[in-house]
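Hello,

Please read them with the model open.

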Amino acid sequence: MPHRPSPLARHLLAAALARTGDEMAGPALLLLALGVTGGPARASALFGALLVSAALGGPLLGALLDRARRPGHVLAAALTGYATGLGLLLLGLGRAPYPLLLALALLTGLLGPALSGGWTSQVPALVPPALVPPAALPPAALPRAAALDGIGFTAAALLGPALAGLCASLAGAPAAVATALALVLLAAPAALRLPPRREGPRPHHVLAALGAGVRAVRTTRALARATLVSTVSSAGQGVFVSCAPLLGARLLGGAAHGTALLALGAASALAAGAVLARRPTALPPDTLLGASVLVLAAAPLLAAVPAPWALVAAVLLTGAGEGPQLTALLAIRHRDAPPGLRGQVFTTGASLKITAYALGAALAGALAAHSLTAALLTGATLNLLAGAAFRALRPLTAAARP
């Protein structure tokens with residue numbers, strides 16, 4: 001008989017499909033809007049709207065996932081809604097009024113955290129043995145699953161933009177948007193097959209659930225630190241990625257070369273994640289998180305050196321920081337998220353990271369218009385601030401805990 005993939009493997013594959021569609025959607029929509037609207041300002045605003053509204057949608061989506069008897073149905077509905085929003089944007093660009101399209105992008109972006117944190121929050125229910133309490137799992141089972149999930153994130157970041165560019169060049173920007181929404185829809189059946197939630201105490205109202213989720217992130221020291229550090233660092237990463245085309249134009253002979261070089265960074269992150277997946281307990285995730293922001297702070301400083309080798313090294317260094325940071329972040333959330341609030345912890349964290357990334361990219365655009373070096377220094381400073389936050393929010397000692 002042919003070997004059937006495990007539920008966890010099917011889940012991780014479906015999550016990678018959905019995330020690849022998500023990573024494709026932004027660049028594909030940007031390319032389509034540039035061709036239809038004829039101006040970078042409107043196209044960039046549409047792209048930004050798709051990202052920035054995630055901060056509002058993440059907590060609400062997490063609360064619904066935590067309260068649902070069948071969280072997979074909520075996740076599938078969110079995937080379908082996101083794909084529908086992309087389809088309406090595809091049909092409306094060039095036909096509908098621009099303010100309506102902007103509002104539609106904002107509404108679609110509310111569901112964005114479903115494609116990242118929503119999937120990850122369901123991983124513990126699929127780690128073999130799935131029906132055994134987490135305390136009875138093999139010590140490395142959940143960290144290994146989290147590391148494999150992180151590899152899926154990174155692979156999507158590598159493939160998504162490349163697929164968007166390939167589809168747009170071969171068949172046009174509308175085909176790229178259509179491919180993105182098709183990938184998201186392909187993942188929906190796997191979401192429907194997720195196991196039902198184990199019964200347990202849960203808030204009676206969604207608003208009460210939202211309050212409980214915010215308190216869990218705010219009062220659990222390790223979660224608060226991981227959320228703040230990763231959010232600030234994500235803004236720094238947004239700065240660096242936005243500088244890549246300008247660095248390519250300055251050092252490599254073309255803006256497209258700088259953007260293509262980001263694939264090398266994603267490959268570096270993928271390699272780092274694969275190493276960690278083989279030895280998931282080699283380093284404590286908190287230590288890994290703190291070290292990653294220092295690596296990410298060094299990358300834009302190296303990129304400020306006016307030499308092609310320095311830019312290539314900086315991109316590789318970025319991947320070497322991003323991959324372990326994501327693995328550490330997922331491991332900390334799996335370890336410390338309260339079982340009844342897991343969905344909120346993951347989707348809220350994802351939404352904050354998405355929004356911070358978008359704001360960092362916007363900040364870089366404004367700074368780089370005057371000084372590319374100033375933009376790179378800002379990216380380094382944001383990661384250094386993340387490192388300072390990591391040290392300032394050290395866990396309380398046993399004597400200091402209430």
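Helices H13 and H14 of this predicted model are roughly antiparallel to each other (an angle over 145 degrees; under 35 would be roughly parallel, 65 to 115 roughly perpendicular and the rest oblique). The axes of H13 (residues 308–336) and H14 (residues 342–368) come within 10 Å and cross at roughly 150°. Axes here are lines fitted to C-alpha atoms, for helices over the stretch in contact, with angles from 0 to 180 degrees between N-to-C directions. Helices are DSSP runs of H or I with at least four residues, numbered from the N terminus. H13 passes H14 in a right-handed crossing, where the near helix is turned clockwise from the far one by less than a right angle.

On the H13 side, Leu326, Leu329, Leu330, Arg333 and His334 make the contact (heavy atoms within 4.5 Å). H14 contributes Arg342, Val345, Phe346, Gly349, Ala350 and Lys353. These residues divide into 6 nonpolar, 2 polar and 3 charged, with Ala, Val, Leu, Ile, Met, Phe, Trp, Tyr, Cys and Pro counted as nonpolar, Asp, Glu, Lys and Arg as charged, and the others, Gly among them, as polar.

Further along H14 is threonine 355. Threonine 355 touches Leu51, Val52, Ala54 and Ala55, leaving aside residues up to four places away in sequence.

Leucine 110 lies in the loop between H5 and H6 (117–120) and is partly exposed, at 27% relative accessibility. Its C-alpha atom is 8.5 Å from that of tyrosine 82, 28 residues apart along the chain.

Residues are numbered from 1 along each chain as its sequence is written. Local features need pLDDT of at least 70 and side-chain atom pairs count only at pLDDT 80 or more, while totals for chains, interfaces and linings use all residues; side-chain values use heavy atoms, with hydrogens and water left out.

Regards

How values were computed:
Helices (H or I, at least four residues) and strands (E, at least two) are DSSP runs, numbered from the N terminus. Buried means under 20% relative accessible area, exposed over 50%, partly exposed in between (1.4 Å probe, protein chains only).
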